[in-house]
Amino acid sequence: MQLVEVTIDSLAEVGYVGTTLAEIAGRADVSPGLVAHYFGDKDGLLEAAFRTLARAVANYARERLALARTPRARVQAIIDANLGPENFDQRTGTAWLAFWGQVLHVEGLRRVQTAYQRRMLSNLRSDLRRMIPSEAARSLAAMIAAMIDGVWLRAALSEWQEADSESARALLTAFVEGRLRELTRSPEADGSEPGRARAARDRGTGQGSIKVINPATGEKLEVIAVDGATEVDAAVARAAKAQKAWAARTGAERGRVLQMAARLLRERNDELAELETRNTGKPIQETRAVDVISGAECLEYYAGISAGLAGEHLDLGPKAFGYTRREPLGVVAGIGAWNYPLQIACWKSAPALACGNAMLFKPAELTPLTAMKLSEIYREAGLPDGIFQVVQGYAQTGQLLTRHPGIRKISLTGEVSTGKAVMADAAASLKQVTLELGGKSPLIVFADAHLDNAVSGALLGNFYSAGEVCSNGTRVFVQRSVREEFIERLRVRTAAMRIGDPLDPATQVGALISAEHMQKVLGLIERGRAQGARLVTGGARVSDGALGRGCFVAPTVFDACHDDMDIVRQEVFGPVMSVLEFDTEEEVVARANATEFGLAAGVFTNDLTRAHRVIAQLEAGTCWINHYNITPIELPFGGVKMSGLGRENGRAALEHYTQLKSVYVAMADVESPY
């Protein structure tokens, strides 16, 4: 950072041509070799300095966006950040001017400038679309961005005599206010035909658009065009063209890009967490602590091991040896679920990119927003165009991926029925398939367990993310002698959970993903009552005050459950826990395994010999002892039976994104009987 700051000083004083490695070394009182060691050459040094300036603007914007509560205020936050006094001082402005004069000639600088522009446009479009029609929002966003750059450039060229920060912002604010007044009087301003939906169809898909809803408020967040065959074919072609060059890079080079993307995710944690909360209804206390950070941890993990991707050497005696190579598959596709949109996008893309593949990622239609942000972050981190692309749509778009002959692998997180359909489609072209599907996982509490820990595990395994977690331990088996005490402790803690506005940091239980899904969950709760389960707490929709606009269901605990009840057999995917009683170890193992699913399982006991013995017998791919739903990136994650094929995370994921090539090397003359 010291060398970067010296570089900015040099640019401000002697310009682009005069800023050399020797000049920087002299100013910093170090050897030119040390500067070259860190940055390689002049272009590398200047790219790092340009990235630092762009990141500073991004930080200013993020700080202002965090305080903005309306779309108009967020647009103003972008204007204020880019034209703030921090960017109107002569040192910073002259350095920016030097960089902008070279972006057409230096690839690294052009990449930083492109990422900076895309981020500004994306933020502007996202909020303008909540006020005016989509096409008008796109046009106005481009105009605002151009005016920001133009006002700043005029100020810089006049050596800051013809404009200042305050007047520049006032000028642009007046322009935006005027345009918004005109556009909101337009008959298309409500986003209906022939505005937003027409814009989607104009792309040639014939499949309409996706209306993205905040499930906590019913507010429309965005309207996104659906990608059809034309768009998917074009995306596959772009990916195939870019993938070979990406694969030819060293693992260390690919790792550096992933590492930069991880850093950007961490820097934008709050911004992305808020977007994830608005799109999913999950509490902000979860998305800030887990959703974005876990994605960054995934990228960091695969960035660290990408340089070590290797096969093995095999000694075949004095006349030959052999070796294997791990090579990328080519173009692969990921299809995400709606419960952890950003995390799943990272879980699928990080190992794929680390191995040298290109990925097309289709997020769930209910939660498409943060995958688009991840794509922007990858580009800003230096990922070449075409290597990670987001395609949007419903099941039909997913099917275009699963049936496409140019895609060599599909990784799906979703329902069992979807997994079967994906596998059938993939068979036609013998694609590789990884499936992370549903579960109805057992959580077993023995009498000798630490009961408070067991209750904590049951709460994490049922009510985190409003119960919308595939690995949840929704069948809680409790040994008879401690069942009543367990139930009472569970009741008290469950009833005390705070349900509320997901953007309130104090909220512990947010909204379910949609009204349709909420009705499914409420229907299963009613069937639980009808089939004789005893309701301990919860069991109803929460509609007090503003919550009535959203999809809130109280955390629900049923006692006196039996193995043949619907709430025990079927995956609810909501905040519904079924407690079952058992007597012996042999009995509970048999009952725990009596399901078509096999994603996860947990055991609480202080007898570690029994813990390992029981875990060894449970038919599940991911297990915990004295904890639940902790998924460190280093450990493979996935299921058995109907819960899936293959594994996410850990080194195991590398096997699913590479193909093995065997090479025999002769060290002697060829002996032939012919």
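Modeller: Helices (H or I, at least four residues) and strands (E, at least two) are DSSP runs, numbered from the N terminus. Lys-641 belongs to the loop between strand 16 and strand 17 (644-645). This is a predicted model, in which local features need pLDDT of at least 70, side-chain atom pairs count only at pLDDT 80 or more, and totals for chains, interfaces and linings use all residues. Residues are numbered from 1 along each chain as its sequence is written, and side-chain values use heavy atoms, leaving out hydrogens and water.

Colleague: Why is Lys-641 called partly exposed?

Modeller: Buried means under 20% relative accessible area, exposed over 50%, and partly exposed in between (1.4 Å probe, protein chains only). Lys-641 has 38%, so it falls in the middle class.

Colleague: What is the phi of Lys-641?

Modeller: Phi is near 55° in Lys-641, a positive value in a residue other than glycine. Most residues other than glycine have a negative phi. Ala-466 also is not a glycine, and it has a positive phi of about 55°.

Colleague: Where does Ala-466 lie, and why is it counted as buried?

Modeller: You will find Ala-466 in the loop between helix 19 (451-463) and strand 11 (475-479). Its relative accessibility is 4%, which is under 20%, so Ala-466 is buried.

Colleague: Which residues is Ile-625 in contact with, leaving aside its neighbours within four places in sequence?

Modeller: Contact means heavy atoms within 4.5 Å. By that test, Ile-625 touches Val-603, Leu-608, Ala-611, His-612 and Ile-615.

Colleague: What span is expected for helix 16, and how far does it reach?

Modeller: The expected span is 1.5 Å times one less than the number of residues. Helix 16 (residues 369-381) reaches 19 Å from its first C-alpha to its last, close to the expected 18 Å. Helix 13 (residues 269-280), with 12 residues, reaches 16 Å, close to the expected 16 Å.

Colleague: How many residues of helix 13 are buried?

Modeller: Helix 13 has 11 of its 12 residues buried, including Leu-272, Ala-273 and Leu-275. Just after helix 13 comes Gly-281, with a positive phi of about 85°.

Colleague: Which residues does helix 13 meet in helix 14?

Modeller: On the helix 14 side they are Ile-284, Thr-287, Arg-288, Asp-291, Val-292 and Ile-293.

Colleague: Last one: where does pLDDT stay under 50?

Modeller: pLDDT is the predictor's confidence in each residue, from 0 to 100. It stays under 50 over residues 186-206, while the chain has a mean of 90, with 95% of its residues at 70 or more. Where pLDDT is low, the predicted coordinates should not be read in detail.
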